[in-house]
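Student: I am new to this structure and would like to go through its surface and its charged pairs. Please show it first.

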Amino acid sequence: MFTKIWKRENIFWLVIILLVLFRYFSSLPSYKTGQKLRITSKVLVEPIQYDDSQYIKLVGIRFYLPKYPEVNYGDNVIVEGIIEDGKLKNPVLINLEENTGIIYKVRKKLVLFYHRALPEPHASLVSGLVLGSKANIPTEFWDQLISTGTVHVVVASGMNVTLVAGFLLTMTILILPRQKAVILALVGIWIYALLSGFDAPIIRAAIMGSLAFSAQALGRVNLAWRALFLSALLMLLVNPSWITDLGFILSFVATASLMLFEAKIRKLVYFVPAIFREGLSTSLAAQIGVTPILLLTFGRYSFISPFVNALVLWTVAPITVIGMTAGIVSIITMPIGKLILFLTYPLTSWFIWIVNLF
Amino acid sequence: METKWKYSYAFLALFAMVVWLAVYYYPKDKLKLIACDVGQGDAILAIYGKTQFLIDGGPNDKVLDCLSSHMPFWDRNIEVVILTHPDKDHFSGLIEIFKRYEVDYFIANSLEPGSQGYQVLKKVVGGSDAVVIPPKEGMVIGNSMMHLEIVFPTQTFQKENLTFNTNVNDSKVLGTSTTSKSANNFSIVTILESGDFKALLTGDIVPGITDEIIDTGRIGKVDYIKVPHHGSKNGLTEDLLKKANPEIAVISVGKNQWGHPHKEILNLLAEYNVKILRTDELGDIVVTDESEINKE
């Protein structure tokens, strides 16, 4: 009986891996340098705004457009250009259709609210933490985040999804029976994933979170590793090009390292004050897997990163929760939302001050 | 129960800290004139207490950093914004300003430059609550502690050199006129006055209109001059310098292809013993009414 179940599960994994391989080889891009291309697509990666231009990634092809008209996450665009080494040369924006879907509207509204209520770089930090919006981060602050190894908190990160999922579940469980609360939390996770830009790390966290919650609701526990592999395979099945996406790779490697090492490291750093302990142990654990990849791809690595992370990571949860509450309140009444948002100011000040220091 | 108390204490501590920070950053009743380091362009911020005037927005979003570091975090209102003339290195930063701040009054020329960025600016200004005011020589805006007097362009100069679009009769709409001259000729020139302190802010005026500006009779001795046109020799003239006779000359300049500031202008200022302060060397240049100068 036991062996039979074990075997059945093996067949399941085998089939799904074969499917992924098939998808991967059948969907390899076939663009050649010099080929003229017209892309009609929805913008699924948030464009990055520069002084004179904006950087856009569409179906795996990167290009720069003039700063105006501004392209936003979720918009439908038609672009023409000539392929050169996977980039689009002389791209021309043929058509831009603003996305008027409710989720995209809410996202835009929230980002605008943060920008109107707080000065920079506080506003960008909050909208980065809450919504993974990195489009308008001041260049200087962005460079500081990169050099201190803290940029992962403001770009779309799985951490936020896990945080929001936990927060939603705690809230809904207060008013609903457990199973209904889980269903509501699941819906919440996916709305949040859509709201914060459908990047690989976010989807990874959303799938894993959903699997973990459903497992809990169904009374099965300890599915973490299976959830990790299953979400990776499911994602590759849908979008095989993610296999080369750095965010995708880092997200999975970091999560795996966390699961392997975090508990042990936390015991080792028992002498660190409680407020910084979890930040230090999680970032040290994640570093074990992530460091070689970062060294290989960027050729440099910030060795102060675990310490800076330890000093700032404890602010992430309260900033996200306060920022989100303020955002939701601001949709109903702006002035009260603003007042709530001011509560993040001491926390963002600390974050910015520490990042500045190093 | 215990966690409930923990969260309540954390909330109270945060609340107290916000109050302390708000008080700590409460602005002093004192003039602060800041030439923001925005690279090759202009963005000048005048602050007195809770009142701010912003003259131009620079070529990029760097002006936001300048406002963030010199305004208290809870003040999201700018009383007056002036766009001296619709060139990219003066208006681009204003787009984000109008998106993020509440602006009471916007003083700008009716000139339409036709650039795509300016269409975006017109749209955000239109969508804001800002009142658009066309410049008029002699107009004074501000309060008893700090005010701006508009010196140029005069009504006659605008009438003679601008062609108005006859379809639009509302002077409060932006971009209603065109010209064959460069936009620099229409730069809004102002004198900022607070107590005994006077500053002449010149936009990108060119030598050809210096006489017109002096002829208004409004230029007298000042403490501070914003050197026109980023220190180009196609800017400041000896006549204007003599008339204004400043102690300090601020040049708002960054990396550029034209060699600004030109040697001729630096020599001219040195000849008249005017102290030169450059944003490309000093960053944000902060001047207060006691003429103490801080580098930041």
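Student: Which helix of chain B gives the most to the negative patch?

Tutor: This is a predicted model, in which local features need pLDDT of at least 70 and side-chain atom pairs count only at pLDDT 80 or more, while totals for chains, interfaces and linings use all residues. Residues are numbered from 1 along each chain as its sequence is written, chains are lettered from A and ligands numbered from 1 in the order in which they are written, and side-chain values use heavy atoms, with hydrogens and water left out. Helix 6 (210-215) and helix 7 (238-244) of chain B each supply at least two residues of the patch, helices being DSSP runs of H or I with at least four residues and strands runs of E with at least two, numbered from the N terminus. The one that gives the most, with 3 residues, is helix 6.

Student: Is B:D215 buried or exposed?

Tutor: B:D215 lies in helix 6 of chain B and is one of the residues forming the negative patch. Buried means under 20% relative accessible area, exposed over 50%, and partly exposed in between (1.4 Å probe, protein chains only). B:D215 has a relative accessible area of 64%, so the residue is exposed.

Student: What is the relative accessible area of B:E149, and is this residue buried or exposed?

Tutor: B:E149 is found in strand 8 (residues 147-152) of chain B. Its relative accessible area is 18%, so B:E149 counts as buried.

Student: How many residues apart in sequence are the parts that A:R38 and A:E80 tie together?

Tutor: The side chains of A:R38 and A:E80 meet in a salt bridge (2.7 Å, N to O), that is, a side-chain nitrogen of Lys or Arg within 4 Å of a carboxyl oxygen of Asp or Glu. A:R38 lies in strand 1 (residues 36-42) of chain A and A:E80 in strand 5 (residues 76-84) of chain A, so the parts tied together are apart in sequence by 42 residues.

Student: Where does B:E264, the salt-bridge partner of B:K233, lie?

Tutor: B:K233 and B:E264 form a salt bridge with their closest N and O atoms 3.8 Å apart. B:K233 lies in the loop between strand 13 (224-226) and helix 7 of chain B, whereas B:E264 lies in helix 8 (residues 263-271) of chain B.

Student: How many salt bridges does the structure hold over all chains?

Tutor: A:E70, A:E120, B:E96, B:K99 and B:R100 are linked in a network of salt bridges. Over all chains, the number of salt bridges is 17.

Terms used: Patch = residues over 30% accessible without salt bridge, like charges linked within 9 Å, V, L, I, M, F, W, Y side chains within 5 Å. Areas by Shrake-Rupley, 256 points an atom, 1.4 Å probe, with all protein chains shown as cover. Lys, Arg positive; Asp, Glu negative; His and termini not counted. Charge placed at Lys NZ, Arg CZ, Asp CG, Glu CD.
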